[in-house]
Amino acid sequence: MGIVLGIESSCDETAAALVDSGRTILAQRIASQDDFHRPYGGVVPEIAARAHAERLAPLIEATLADAGMALGEVDAVAATAGPGLIGGVMVGLVTAKALAMASDKPLIAINHLEGHALSPRLADPALQFPYLLLLVSGGHCQLLLVEGVGRYRRLGTTIDDALGEAFDKTAKVLGLGFPGGPAVERLAREGNPRAVPLPRPLLGSAEPHFSFAGLKSAVLRAKQAGIHQDADIAAAFQQAALDCVIDRTRLALSLADAPSALVVAGGVAANQAVRGALEALAGEHGLPFVAPPLALCTDNAAMIAWAGIERLGQSDPLDFMARPRWPLDPDAAPVRGAGVKA
Ligand code: KG4
Ligand code: ZN
(Lines give C-alpha, C1' and ligand atoms only; values in the text may rest on other atoms or scores of the structure.)
(Ligands and ions follow the chains in the order given, each with its own letter.)
Protein backbone atom coordinates (compact mmCIF):
# COMPACT_ATOMS: atom_id res chain seq x y z
CA MET A 1 0.00 0.00 0.00
CA GLY A 2 1.45 3.36 -1.06
CA ILE A 3 0.47 6.78 0.24
CA VAL A 4 1.00 10.03 -1.69
CA LEU A 5 0.75 13.61 -0.48
CA GLY A 6 -0.78 15.73 -3.27
CA ILE A 7 -0.54 19.51 -3.60
CA GLU A 8 -2.65 21.73 -5.93
CA SER A 9 -2.16 25.49 -6.41
CA SER A 10 -2.44 26.16 -10.15
CA CYS A 11 -5.47 28.45 -10.07
CA ASP A 12 -7.50 29.75 -7.13
CA GLU A 13 -7.79 26.70 -4.87
CA THR A 14 -5.04 25.95 -2.35
CA ALA A 15 -5.34 22.24 -1.68
CA ALA A 16 -3.57 19.27 -0.07
CA ALA A 17 -4.62 15.62 0.15
CA LEU A 18 -3.37 12.22 1.23
CA VAL A 19 -4.51 9.31 -0.94
CA ASP A 20 -3.52 5.64 -0.75
CA SER A 21 -3.23 3.04 -3.47
CA GLY A 22 -6.43 1.43 -2.20
CA ARG A 23 -8.23 4.58 -3.47
CA THR A 24 -8.94 5.91 0.03
CA ILE A 25 -8.72 9.67 0.48
CA LEU A 26 -7.16 9.65 3.95
CA ALA A 27 -7.51 13.42 4.33
CA GLN A 28 -8.00 16.45 2.15
CA ARG A 29 -8.31 20.17 2.67
CA ILE A 30 -9.19 22.93 0.21
CA ALA A 31 -8.93 26.66 0.87
CA SER A 32 -10.95 28.53 -1.74
CA GLN A 33 -9.95 32.06 -2.70
CA ASP A 34 -13.35 33.02 -4.14
CA ASP A 35 -13.79 35.84 -1.61
CA PHE A 36 -10.46 37.43 -2.62
CA HIS A 37 -11.22 37.42 -6.35
CA ARG A 38 -14.95 38.16 -6.29
CA PRO A 39 -14.51 41.98 -6.23
CA TYR A 40 -12.58 41.69 -9.53
CA GLY A 41 -14.99 39.29 -11.24
CA GLY A 42 -12.19 36.83 -12.04
CA VAL A 43 -8.98 35.32 -10.70
CA VAL A 44 -6.20 37.90 -10.19
CA PRO A 45 -2.87 36.00 -10.56
CA GLU A 46 -0.86 38.11 -8.09
CA ILE A 47 -3.52 37.84 -5.40
CA ALA A 48 -3.78 34.09 -6.03
CA ALA A 49 -0.02 33.52 -5.73
CA ARG A 50 0.20 35.49 -2.49
CA ALA A 51 -2.74 33.63 -0.96
CA HIS A 52 -1.21 30.25 -1.93
CA ALA A 53 2.12 31.30 -0.36
CA GLU A 54 0.44 32.30 2.91
CA ARG A 55 -1.87 29.33 3.22
CA LEU A 56 -0.21 26.25 1.72
CA ALA A 57 2.22 25.23 4.49
CA PRO A 58 -0.35 25.35 7.35
CA LEU A 59 -2.87 23.60 5.08
CA ILE A 60 -0.48 20.70 4.46
CA GLU A 61 0.28 20.46 8.19
CA ALA A 62 -3.45 20.33 8.96
CA THR A 63 -4.02 17.67 6.29
CA LEU A 64 -1.31 15.44 7.78
CA ALA A 65 -2.79 16.02 11.25
CA ASP A 66 -6.29 15.08 10.00
CA ALA A 67 -4.90 11.73 8.86
CA GLY A 68 -2.78 11.35 12.02
CA MET A 69 0.30 10.99 9.84
CA ALA A 70 3.82 12.32 9.78
CA LEU A 71 5.50 13.44 6.55
CA GLY A 72 7.96 10.56 6.93
CA GLU A 73 5.10 8.06 6.44
CA VAL A 74 4.22 9.14 2.89
CA ASP A 75 5.80 7.37 -0.08
CA ALA A 76 6.00 10.39 -2.40
CA VAL A 77 5.12 14.06 -2.70
CA ALA A 78 3.14 14.96 -5.83
CA ALA A 79 2.43 18.53 -6.89
CA THR A 80 0.86 20.27 -9.86
CA ALA A 81 3.79 21.57 -11.93
CA GLY A 82 1.62 23.14 -14.66
CA PRO A 83 -0.25 24.22 -16.68
CA GLY A 84 -1.73 27.14 -14.78
CA LEU A 85 -0.95 30.52 -13.27
CA ILE A 86 2.82 30.45 -12.93
CA GLY A 87 3.03 32.17 -9.51
CA GLY A 88 0.68 29.70 -7.87
CA VAL A 89 2.24 26.68 -9.59
CA MET A 90 5.68 27.77 -8.34
CA VAL A 91 4.46 28.07 -4.74
CA GLY A 92 3.10 24.51 -4.80
CA LEU A 93 6.05 23.00 -6.64
CA VAL A 94 8.70 24.69 -4.47
CA THR A 95 6.85 23.54 -1.35
CA ALA A 96 6.69 19.98 -2.69
CA LYS A 97 10.40 20.04 -3.51
CA ALA A 98 11.26 21.23 0.02
CA LEU A 99 9.09 18.53 1.61
CA ALA A 100 10.50 15.83 -0.68
CA MET A 101 14.05 16.90 0.11
CA ALA A 102 13.43 17.19 3.88
CA SER A 103 11.80 13.75 4.07
CA ASP A 104 14.00 12.06 1.49
CA LYS A 105 10.94 11.01 -0.55
CA PRO A 106 10.52 11.17 -4.32
CA LEU A 107 9.01 14.26 -5.94
CA ILE A 108 6.39 13.56 -8.63
CA ALA A 109 5.60 16.54 -10.88
CA ILE A 110 2.00 16.25 -12.08
CA ASN A 111 0.36 17.84 -15.09
CA HIS A 112 -2.85 19.40 -13.72
CA LEU A 113 -4.76 18.12 -16.76
CA GLU A 114 -3.52 14.60 -16.06
CA GLY A 115 -4.92 15.03 -12.54
CA HIS A 116 -8.35 15.76 -14.05
CA ALA A 117 -7.93 13.02 -16.68
CA LEU A 118 -7.16 10.26 -14.15
CA SER A 119 -9.51 11.47 -11.39
CA PRO A 120 -12.38 9.24 -12.64
CA ARG A 121 -10.17 6.20 -11.88
CA LEU A 122 -9.86 7.31 -8.25
CA ALA A 123 -13.63 7.21 -7.93
CA ASP A 124 -14.26 4.14 -10.11
CA PRO A 125 -11.90 1.13 -9.79
CA ALA A 126 -13.65 -0.57 -12.73
CA LEU A 127 -12.70 2.15 -15.23
CA GLN A 128 -10.20 0.68 -17.70
CA PHE A 129 -8.03 2.28 -20.41
CA PRO A 130 -8.70 3.41 -23.08
CA TYR A 131 -11.59 5.80 -22.37
CA LEU A 132 -12.86 8.87 -24.16
CA LEU A 133 -12.53 11.88 -21.87
CA LEU A 134 -14.31 15.19 -22.21
CA LEU A 135 -12.19 17.55 -20.12
CA VAL A 136 -14.13 20.74 -19.48
CA SER A 137 -12.83 23.34 -17.02
CA GLY A 138 -12.31 27.07 -16.73
CA GLY A 139 -9.14 26.95 -18.80
CA HIS A 140 -9.54 23.84 -20.96
CA CYS A 141 -11.99 22.18 -23.29
CA GLN A 142 -10.64 19.01 -24.88
CA LEU A 143 -11.67 15.57 -26.08
CA LEU A 144 -8.93 13.07 -25.25
CA LEU A 145 -8.51 9.37 -25.75
CA VAL A 146 -6.87 8.28 -22.48
CA GLU A 147 -4.86 5.21 -23.50
CA GLY A 148 -2.86 4.81 -20.28
CA VAL A 149 -0.98 6.79 -17.66
CA GLY A 150 1.00 9.39 -19.62
CA ARG A 151 -0.60 8.33 -22.92
CA TYR A 152 -3.16 10.86 -24.11
CA ARG A 153 -4.36 11.41 -27.67
CA ARG A 154 -6.08 14.74 -28.22
CA LEU A 155 -8.94 14.41 -30.69
CA GLY A 156 -10.43 17.88 -30.25
CA THR A 157 -9.84 21.17 -28.48
CA THR A 158 -11.31 24.66 -28.35
CA ILE A 159 -10.14 27.17 -30.92
CA ASP A 160 -10.96 30.08 -28.61
CA ASP A 161 -12.65 29.96 -25.18
CA ALA A 162 -12.97 27.06 -22.76
CA LEU A 163 -16.48 25.94 -21.82
CA GLY A 164 -16.10 27.02 -18.18
CA GLU A 165 -14.88 30.41 -19.38
CA ALA A 166 -18.05 30.75 -21.49
CA PHE A 167 -20.16 29.93 -18.41
CA ASP A 168 -18.20 32.47 -16.35
CA LYS A 169 -18.57 35.20 -18.99
CA THR A 170 -22.29 34.53 -19.35
CA ALA A 171 -22.56 34.88 -15.57
CA LYS A 172 -20.71 38.19 -15.74
CA VAL A 173 -23.00 39.52 -18.51
CA LEU A 174 -26.03 38.52 -16.42
CA GLY A 175 -24.52 40.01 -13.24
CA LEU A 176 -24.51 36.65 -11.44
CA GLY A 177 -21.15 37.10 -9.73
CA PHE A 178 -18.13 34.85 -9.48
CA PRO A 179 -17.56 31.95 -9.97
CA GLY A 180 -20.27 31.86 -12.57
CA GLY A 181 -20.86 28.27 -13.69
CA PRO A 182 -23.04 27.11 -10.80
CA ALA A 183 -25.01 30.39 -10.84
CA VAL A 184 -25.78 30.07 -14.58
CA GLU A 185 -26.88 26.47 -14.04
CA ARG A 186 -29.24 27.50 -11.22
CA LEU A 187 -30.79 30.37 -13.21
CA ALA A 188 -31.09 28.23 -16.36
CA ARG A 189 -33.46 25.88 -14.50
CA GLU A 190 -36.03 28.71 -14.36
CA GLY A 191 -35.75 29.76 -18.01
CA ASN A 192 -36.99 28.67 -21.43
CA PRO A 193 -34.06 27.61 -23.65
CA ARG A 194 -36.11 28.28 -26.82
CA ALA A 195 -36.98 31.88 -25.91
CA VAL A 196 -33.63 33.27 -27.13
CA PRO A 197 -32.09 32.17 -30.46
CA LEU A 198 -28.34 31.60 -30.02
CA PRO A 199 -25.69 30.17 -32.40
CA ARG A 200 -24.05 26.75 -32.10
CA PRO A 201 -20.49 27.36 -33.36
CA LEU A 202 -18.78 24.49 -35.24
CA LEU A 203 -21.85 22.24 -34.94
CA GLY A 204 -21.49 19.52 -37.56
CA SER A 205 -17.93 20.44 -38.56
CA ALA A 206 -15.60 17.63 -39.60
CA GLU A 207 -13.19 17.57 -36.65
CA PRO A 208 -14.32 17.43 -33.01
CA HIS A 209 -13.12 20.92 -32.07
CA PHE A 210 -15.01 23.53 -30.05
CA SER A 211 -15.60 27.26 -30.30
CA PHE A 212 -17.46 29.36 -27.76
CA ALA A 213 -16.39 32.96 -28.52
CA GLY A 214 -19.29 33.57 -30.95
CA LEU A 215 -21.79 32.15 -28.47
CA LYS A 216 -20.39 34.41 -25.76
CA SER A 217 -20.80 37.49 -27.99
CA ALA A 218 -24.35 36.45 -28.87
CA VAL A 219 -25.18 36.19 -25.15
CA LEU A 220 -23.89 39.74 -24.68
CA ARG A 221 -26.03 41.01 -27.60
CA ALA A 222 -29.10 39.19 -26.27
CA LYS A 223 -28.64 40.88 -22.89
CA GLN A 224 -28.05 44.28 -24.48
CA ALA A 225 -31.22 43.95 -26.57
CA GLY A 226 -33.03 44.37 -23.26
CA ILE A 227 -36.04 42.27 -24.29
CA HIS A 228 -35.19 38.88 -22.77
CA GLN A 229 -35.52 37.48 -19.27
CA ASP A 230 -32.13 36.71 -17.73
CA ALA A 231 -33.30 33.17 -16.92
CA ASP A 232 -34.20 32.61 -20.60
CA ILE A 233 -30.77 33.84 -21.69
CA ALA A 234 -29.09 31.52 -19.16
CA ALA A 235 -31.21 28.57 -20.29
CA ALA A 236 -30.64 29.29 -23.99
CA PHE A 237 -26.89 29.66 -23.43
CA GLN A 238 -26.65 26.39 -21.52
CA GLN A 239 -28.70 24.58 -24.18
CA ALA A 240 -26.57 25.96 -27.04
CA ALA A 241 -23.35 25.03 -25.23
CA LEU A 242 -24.77 21.59 -24.49
CA ASP A 243 -25.80 21.02 -28.13
CA CYS A 244 -22.21 21.80 -29.19
CA VAL A 245 -20.72 19.54 -26.51
CA ILE A 246 -22.95 16.60 -27.45
CA ASP A 247 -22.42 17.01 -31.21
CA ARG A 248 -18.62 17.23 -30.79
CA THR A 249 -18.46 14.35 -28.32
CA ARG A 250 -20.64 12.15 -30.58
CA LEU A 251 -18.17 12.78 -33.41
CA ALA A 252 -15.18 11.98 -31.17
CA LEU A 253 -16.86 8.71 -30.12
CA SER A 254 -17.07 7.73 -33.79
CA LEU A 255 -13.35 8.54 -34.26
CA ALA A 256 -11.98 6.94 -31.09
CA ASP A 257 -10.63 3.42 -31.23
CA ALA A 258 -12.83 1.19 -29.04
CA PRO A 259 -13.16 3.30 -25.89
CA SER A 260 -14.35 1.37 -22.81
CA ALA A 261 -16.38 4.30 -21.46
CA LEU A 262 -17.36 7.93 -21.92
CA VAL A 263 -15.88 9.98 -19.10
CA VAL A 264 -16.27 13.63 -18.13
CA ALA A 265 -13.92 15.56 -15.82
CA GLY A 266 -13.06 19.15 -14.91
CA GLY A 267 -15.09 21.85 -13.18
CA VAL A 268 -17.93 22.00 -15.75
CA ALA A 269 -18.52 18.28 -15.13
CA ALA A 270 -20.27 19.48 -11.96
CA ASN A 271 -23.12 20.72 -14.23
CA GLN A 272 -26.12 18.37 -13.99
CA ALA A 273 -27.46 19.23 -17.45
CA VAL A 274 -24.06 18.44 -19.00
CA ARG A 275 -23.89 15.17 -17.05
CA GLY A 276 -27.41 14.17 -18.03
CA ALA A 277 -26.88 14.78 -21.75
CA LEU A 278 -23.54 12.93 -21.77
CA GLU A 279 -25.06 9.99 -19.92
CA ALA A 280 -27.76 9.73 -22.60
CA LEU A 281 -25.12 9.93 -25.35
CA ALA A 282 -23.08 7.15 -23.72
CA GLY A 283 -26.24 5.07 -23.51
CA GLU A 284 -26.86 5.55 -27.25
CA HIS A 285 -23.41 4.03 -27.86
CA GLY A 286 -23.86 1.23 -25.33
CA LEU A 287 -21.02 2.62 -23.23
CA PRO A 288 -20.82 3.16 -19.50
CA PHE A 289 -20.82 6.82 -18.47
CA VAL A 290 -18.38 7.80 -15.72
CA ALA A 291 -18.29 11.13 -13.92
CA PRO A 292 -16.38 11.68 -10.71
CA PRO A 293 -18.27 12.95 -7.65
CA LEU A 294 -18.73 16.74 -7.72
CA ALA A 295 -15.94 17.41 -5.20
CA LEU A 296 -13.47 15.62 -7.49
CA CYS A 297 -14.60 17.58 -10.58
CA THR A 298 -13.51 21.05 -9.54
CA ASP A 299 -9.86 21.68 -8.69
CA ASN A 300 -8.69 19.60 -5.73
CA ALA A 301 -5.56 17.89 -4.44
CA ALA A 302 -6.96 14.35 -4.19
CA MET A 303 -6.78 14.09 -7.99
CA ILE A 304 -3.13 15.22 -7.88
CA ALA A 305 -2.31 12.71 -5.13
CA TRP A 306 -4.10 10.00 -7.16
CA ALA A 307 -2.09 10.86 -10.29
CA GLY A 308 0.95 10.46 -7.99
CA ILE A 309 -0.32 7.00 -6.98
CA GLU A 310 -0.71 6.08 -10.67
CA ARG A 311 2.91 7.19 -11.17
CA LEU A 312 4.30 5.73 -7.92
CA GLY A 313 7.82 4.40 -8.51
CA GLN A 314 8.71 7.30 -10.79
CA SER A 315 10.39 10.47 -9.60
CA ASP A 316 11.23 13.87 -11.05
CA PRO A 317 14.41 15.88 -10.43
CA LEU A 318 14.33 18.56 -7.73
CA ASP A 319 15.14 21.17 -10.38
CA PHE A 320 11.95 20.33 -12.36
CA MET A 321 10.70 23.65 -13.76
CA ALA A 322 7.12 24.89 -13.42
CA ARG A 323 5.39 24.85 -16.83
CA PRO A 324 2.72 27.52 -17.40
CA ARG A 325 1.89 25.69 -20.66
CA TRP A 326 2.07 21.91 -20.72
CA PRO A 327 -0.04 20.07 -23.31
CA LEU A 328 -1.12 16.52 -22.44
CA ASP A 329 -0.61 15.45 -26.04
CA PRO A 330 2.48 17.24 -27.38
CA ASP A 331 2.03 15.50 -30.76
CA ALA A 332 -1.42 16.95 -31.43
CA ALA A 333 -1.52 19.16 -34.51
CA PRO A 334 -1.99 22.85 -33.72
CA VAL A 335 -5.52 24.10 -34.40
CA ARG A 336 -6.31 27.46 -35.92
CA GLY A 337 -6.97 29.87 -33.11
CA ALA A 338 -6.00 27.40 -30.36
CA GLY A 339 -4.64 29.14 -27.30
CA VAL A 340 -5.78 32.54 -28.55
CA LYS A 341 -8.04 34.20 -26.03
CA ALA A 342 -10.87 36.16 -27.58
O1 KG4 B 1 -11.54 22.48 -13.02
P2 KG4 B 1 -11.86 23.81 -12.41
O3 KG4 B 1 -12.22 23.83 -10.94
O4 KG4 B 1 -10.70 24.82 -12.59
C5 KG4 B 1 -9.93 24.88 -13.76
O6 KG4 B 1 -8.93 24.12 -13.85
O7 KG4 B 1 -10.32 25.68 -14.62
O8 KG4 B 1 -13.04 24.44 -13.28
C9 KG4 B 1 -13.62 25.69 -12.94
C10 KG4 B 1 -14.65 26.01 -13.99
C11 KG4 B 1 -15.19 27.43 -13.87
O12 KG4 B 1 -15.22 28.02 -15.15
C13 KG4 B 1 -16.60 27.22 -13.31
O14 KG4 B 1 -17.51 28.25 -13.67
C15 KG4 B 1 -16.97 25.92 -13.96
O16 KG4 B 1 -15.79 25.13 -13.88
N17 KG4 B 1 -18.07 25.27 -13.25
C18 KG4 B 1 -19.29 25.06 -13.78
C19 KG4 B 1 -20.09 24.49 -12.77
N20 KG4 B 1 -19.31 24.36 -11.64
C21 KG4 B 1 -18.08 24.83 -11.97
N22 KG4 B 1 -19.78 25.33 -15.01
C23 KG4 B 1 -21.07 25.01 -15.25
N24 KG4 B 1 -21.90 24.47 -14.34
C25 KG4 B 1 -21.46 24.19 -13.08
N26 KG4 B 1 -22.28 23.65 -12.17
ZN1 ZN C 1 -8.68 22.28 -13.18
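**View 1. Strand β5 (residues 107-111) gives four residues, the largest share, to the lining of the second largest pocket.** The model is predicted: local features need pLDDT of at least 70, side-chain atom pairs count only at pLDDT 80 or more, and totals for chains, interfaces and linings use all residues. Residues are numbered from 1 along each chain as its sequence is written, and side-chain values use heavy atoms, without hydrogens and water. The pocket is lined by 15 residues; A109, N111, E114, R311 and W326 lie nearest its centre. Eight lining residues are nonpolar, four polar and three charged. Its volume is about 200 Å³. (A pocket is an open set of points on a 1 Å grid over the protein atoms alone, where a 1.4 Å probe fits, with protein on both sides within 12 Å along at least five of seven lines; lining residues have an atom within 4 Å of a point.)

**View 2. Five strands form an open sheet in the order β8-β7-β6-β9-β10, with mixed pairing.** β8 (151-157) and β10 (289-290) stand at the edges; each has a single partner strand, so one side of each lacks a neighbour in the sheet. (Strands are DSSP runs of E, at least two residues; two pair if DSSP finds at least two bridges between them.)

**View 3. β6 (residues 131-136) and β7 (residues 141-148) run antiparallel, joined by six bridges.** L135 has Q142 in β7 as its bridge partner.

**View 4. The structure holds zero disulfides (pairs of cysteine sulfur atoms within 2.5 Å).** For C11, the nearest cysteine sulfur, that of C297, is 16 Å away. The sulfur of C244 is 9.6 Å from the closest cysteine sulfur, in C141, too far for a bond.

Notes:
Chains lettered and ligands numbered in written order. Points joined across faces, edges and corners; volume = space filled by probe spheres on them. Nonpolar A, V, L, I, M, F, W, Y, C, P; charged D, E, K, R; others polar.
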